Every structure is written in structure tokens, then in C-alpha cells.
Amino acid sequence: MKSPLLLCLLAVALFSLPVVADERPPNFVIIMADDLGYGDIGCYGSDSIPTPHLDALAESGMKFTDYHSNGAVCSPTRAALMTGRYQQRSGIGGVVTAANHRDTGLAIEETTFADVLAEHDYATGIFGKWHLGYDPKFNPVHNGFGEFIGYVSGNVDFFSHIDQAGYEDWWHQAELTPEEGYTTHLITKHGVRFIEENKARPFCLYLPHEAPHYPYQGPNDSPIREVGRAGAVHGEREDIANAYREMVVEMDKGVGEIVAALEKHGLRENTLVFFCSDNGANQNGDNGGLRGFKGQVWEGGHRVPAIANWPGKIAPGSTTDVTALSMDLFPTMLDAAGIEIDPKLALDGVSLMPALTRQGMIADRTLFWDVGRGVAARKGPWKFVVEKPRPRKGQKTPDPTGELYDLSQDLGEQAPVENPGIAAELKAALEEWQASWADVEQRS
Ligand SMILES: [Ca+2]
């Protein structure tokens, strides 16, 4: 006969089991498309690109209608995502280009979300596009990531992995290591492997895809670039719309494979999957009727698709209209993991967990963009925009004049409205924000 003490201990042990299971910190999978527009996938209204896996992620999770990239081009958004702060604070206000910025990047002294999660015993991996420094001294393995396989420039030939300046660009950690395969497939393959290898511990997997950034190459195309010869920057396909579709479809399949890997290992309930884009589409993509394109301060430049999925935590089929930025993902992950944020990090982003779980509200805030060709401040429905005119030879640059838009009535930014009080408030906030990083040398 078992002793009462033993039974009691057994009961305590059994009772404790779910608590122990709950105490394991959640995993994070951040999947980011490159130049994917607000209307480029099925669940955001595309009728030309089938994306069943992303649509399923939205159907079983939450879709954002007002999510924005911090920048309107690649590097700035990535700097903000990494640091949880406006990218200008780390000096990445513009693109780190393959031709002119080979010895600059995100300083390794910056604290990234990967740094913090690694300190808390997370396995951290990035497979895909870094674009925050070419020199190995800027490699992601020096900024919190335990494992890196991918490329460091803005884009590579999807097959030969040569960048648009003609440099070889496929790395395993900080070593150039050629690998055969279509970029999108390699990113997925390594992501699936990383999940398999780290299934028994908390992990953070960051998958910055190349699709649908140029060169426009589908999975059945051929290499177009060689070392020392960049070839056609945008690729050789004349039917760009078809190539673009093939690229998004292939990435979507990859999303399906990642979710399947999580399911296979019983990790879905303890994993927050977040999908987003790093800026709006160019003229080859679909910004869902928004004004403007990649590189611009108009909504088409930075309002992008975003989907959050976490079974049991995020209501299936839900939608949020909370205004969110790339820099919010850092504090969101820490909040979800129960990691206290060091105030010294001075994050600009806020945790989105109250919006994801619908357990609370996100305090009103004024948000800012400076994309070089234009600046904007946003508060609630109000957006104050100053587009910087490009100086023309022999002409004095005209004073840029700000315009105010009410996005609740005019998402397409077609007709500025008069509201001098709001306009003055946002203009002053914008100038104060710009002054807060004016002393930081911009690395590009
Ligand atoms: Ca991009």
C-alpha cells in the first residue's frame, strides 16, 4: 500500500506538470518578405497570387490592417526590427548598398532582440537576408545570432547567390560558403532544420526572405549573375508579373513547410509566428490601392501585410487595426517571454501583446517616418506628411510644405484636409523627433 506521503507527492507532481509545461518560454518565428505590398497576398485581397499557407495563418490567427515597416526600403526597417528603436538611432537611416557601403553596417555594440533572447538561453538563428553590413565584422553572428546562413546584401541571384555589384554573397556564419539551391528553398530548408535541431529548447527563428525582391526569378529559371559580372540587375524575365507570382507562391509554400515543422514537433501551441514585409511594393507589385511605392513616405511605401499566429493565445480569424511598426516586435517578444526590458535599451517600440491577446489596450502614441524623400508623423487617423522635393539643377529647392491627411476617411491620401491645430501639433512632434537623433552619424 502506498504511503499517504507518496500519494501526496505524486499529486503535487501531477498538479505541477501543466505549470512546468507553461513555464517553458515561447518560441518565436519571424518571417519577413522583401518588398511585398499591402495587396500582394490572398488574405489582403490579391486575386492574382494564390497564397493558401499565409491565408491559413491569417485564418487561424490575427491579421493587421495598420502594420507598417519602419523604413520604406530594406536596411532601415531591418535596423529598427533588430534594435526595437527607430533606425536613425543606430545610424541606418538609409540603404546599405552593395556598391557604395561595403564597410559599414549595424554596429555590433547595438543590442538586438537576438542578443537579449540569447542571453536568456534561446537558440537564435537567421536564415536569409541580413542587409545590415557586408564586412564579416558586421555579420549577424556578432549581433546575437547563434546561426546564420544567407546573404548580407540587398539581393542576390536566386541561384548563383551573387549580389548586384558582382560579389559572391552566400554565407555560413561569417564565412563565404557557396550552397546550391533557389534562395527561397534554402531559407525554408534551413529554417525547418533549425526547428528540428532546437525543438527541445526555446528558440527564435528569423527568416528574412528574398521574395519578391528582384532579380525576378522563379524556381525553374537559371542563374543570371557571375562573380565580377552582375548581369541584369532585375533579371532576364520579360514576364515579370508571372515571375513575381512564382516567387511569392514559392515563399508561401515555405511558410507552409515551417508551420508543418512546428506541428510535427508539437510546438505550435508554444510558438508565436509573425509574418510581415519590410516595405511596400515597387511598381511590379500591388500595394492594395494605397498611394505610392517602396521608397516613399506615402502609405504604399510602408503599410504592409502582417499576420500574427499563436494558437491558444491569439483568437483565430481575428483582425486588429492597432497601428504597429517593425520596431514593436522586439518588445513584443520579450513581453511574451516574460523577460523584463532593461530601461537602458530605451526602446521606441512597444509590446503588441495586449493587442494580440486582446487583454488590454496599446496606449496612444505618435509615430514617425523619415524615408529620405519624405517624412511623416502619425497619430490616430491623422498623418502629417512632408514630401521633400528633389533639388533640380539651377533651381532653388522649394520649401517643402506639409499636408495633413485623415486616413480614416482617405486611406488613399488623395485629398489633404485643413486642421491647423492637429497639423501644427504633428509638425512640432516630427521636428522634436528628428532633433532626437540629429547628432547620430547616418552610416548610409
Ligand atoms: Ca525591401
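The centres of domain 1 and domain 2, taken over C-alpha atoms, are 28 Å apart. The model is predicted: local features need pLDDT of at least 70, side-chain atom pairs count only at pLDDT 80 or more, and totals for chains, interfaces and linings use all residues. Residue numbers start from 1 along each chain as its sequence is written.

**Exercise 1.** Describe the contact between domain 1 and domain 2.

*Solution.* Start with the bounds, which come from an automatic or database domain assignment: domain 1 covers 25-357 and domain 2 covers 367-436. Next, count the contact (C-beta atoms, placed from the backbone, within 7 Å): 18 residues come from domain 1 and 16 residues from domain 2. On the domain 1 side, helix α7 (residues 299-302) gives the largest share, three residues. Helices (H or I, at least four residues) and strands (E, at least two) are DSSP runs, numbered from the N terminus.

**Exercise 2.** Give the strand order of the open sheet and find its edge strands.

*Solution.* Strands pair if DSSP finds at least two bridges between them. The order of the 10 strands is β7-β6-β5-β4-β8-β1-β9-β10-β2-β11, with mixed pairing. The edge strands, each pairing on one side only, are β7 (175-176) and β11 (318-320). Strand β2 (residues 62-64) pairs with β11 in the parallel sense over three bridges, and M62 stands opposite S318 in β11.

**Exercise 3.** Which strands does helix α2 touch?

*Solution.* Helix α2 (residues 52-59) packs on the sheet and touches β2, β9 (271-277) and β10 (306-309).

Key. Contact = placed C-beta atoms within 7 Å. Axes fitted to C-alpha atoms, helices over the stretch in contact; angles between N-to-C directions.
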